[in-house]
Amino acid sequence: MIPLTYETHQKWMSRALELAQTAAEEGEVPVGAVIIDGDGNLLAEAENRKERDKDPTAHAEILALREAGKALQDWHLNQCTLYVTLEPCPMCAGAIVQARLGMLVYGADDSKTGAVRTVANIPDSACSNHRLTVIAGILESACRQQLQSWFKQKRQNFADR
């Protein structure tokens with residue numbers, strides 16, 4: 001496994017932000033996710049697709065985990081790193097633990113449903129059978145701004161009706 005630098009984290013979080021922008025343009029909450037393997041190669045990427053797919057589980061993280069498992073032909077993602085623009089929710093945090101992910105890197109904390117550090121801590125809870133490295137705050141300002149702008153626009157569109 002190659003060592004990951006701050007520059008590497010910024011590179012992949014930037015890609016996750018691009019994917020989140022794609023989600024926003026499609027009417028989805030702007031969250032993007034990227035998974036790299038232990039050698040730093042792109043394995044999977046996804047953006048939120050709940051509305052488009054009519055699927056409550058179609059969060060960026062879940063879709064990326066599925067794609068990475070298929071790419072590796074293995075559900076064990078021990079050597080992989082997931083980059084996501086927003087702190088994972090309880091469902092996604094549970095899937096991350098179940099996938100045995102090696103590292104999670106996220107941008108902005110989620111004060112309402114963050115289940116990695118902010119509201120709950122699923123990866124470190126007694127019910128978790130896997131521990132992983134977590135790095136928060138990579139490109140945090142850009143990730144937070146993207147989400148705030150999207151929600152502000154959504155509220156404005158609703159008020160204009």
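I started with the UniProt record, an unreviewed entry, which lists residues 7-119 as "domain: CMP/dCMP-type deaminase". I am working on a predicted model here, not an experimental one. In the model, the end C-alpha atoms of residues 7-119 lie 28 Å apart. I get 40% helix and 20% strand for that span.

Which residue does UniProt list for "active site"? The unreviewed entry gives Glu61. I found Glu61 in helix α3. Is Glu61 buried or exposed? Its relative accessibility is 4%, so I put Glu61 down as buried; the cut-off for buried is under 20%. Next I looked up what Glu61 touches, leaving aside neighbours within four places in sequence. The contacts are Val31, Ala33, Leu82, Val84, Leu86, Pro88, Cys89 and Cys92.

**Helix α1.** I checked the length of this one. α1 covers residues 6-25, and its 20 residues should span 28 Å at 1.5 Å a residue. The end C-alpha atoms are 29 Å apart, which agrees.

Then I asked which residues of α1 are buried. My list reads His9, Trp12, Met13, Ala16, Leu17, Leu19, Ala20, Ala23 and Ala24. Looking down the axis of α1, I see these buried residues within an arc of 170 degrees, so they line one face of the helix. On the face of α1 turned away from the buried side I noted the exposed residues Glu7, Lys11 and Glu25. After α1 comes Gly27, with a positive phi near 85 degrees.

Most residues other than glycine have a negative phi, so I looked up the exceptions here.

Gln73 is one of them: its phi is positive, about 55 degrees, and it is not a glycine. I placed Gln73 in the loop between α3 (60-72) and β3 (81-86). With 70% relative accessibility, Gln73 counts as exposed.

Leu139 also goes in the notebook, being a residue other than glycine with a positive phi, near 50 degrees. Where does Leu139 lie? I found Leu139 in the loop between β5 (133-136) and α5 (140-159). Its relative accessibility is 22%, so Leu139 counts as partly exposed. The limit for buried is under 20%, which is why I did not write Leu139 down as buried.

Key:
Residues are numbered from 1 along each chain as its sequence is written. This is a predicted model: local features need pLDDT of at least 70, side-chain atom pairs count only at pLDDT 80 or more; totals for chains, interfaces and linings use all residues. Side-chain values use heavy atoms; hydrogens and water are left out. UniProt positions are given in the numbering used here, feature names are shortened, and annotations may be inferred rather than shown by experiment. Helices (H or I, at least four residues) and strands (E, at least two) are DSSP runs, numbered from the N terminus. Buried means under 20% relative accessible area, exposed over 50%, partly exposed in between (1.4 Å probe, protein chains only). The expected span of a helix is 1.5 Å times one less than its number of residues. The arc is that of the directions from the helix axis to the C-beta atoms. Contact means heavy atoms within 4.5 Å.
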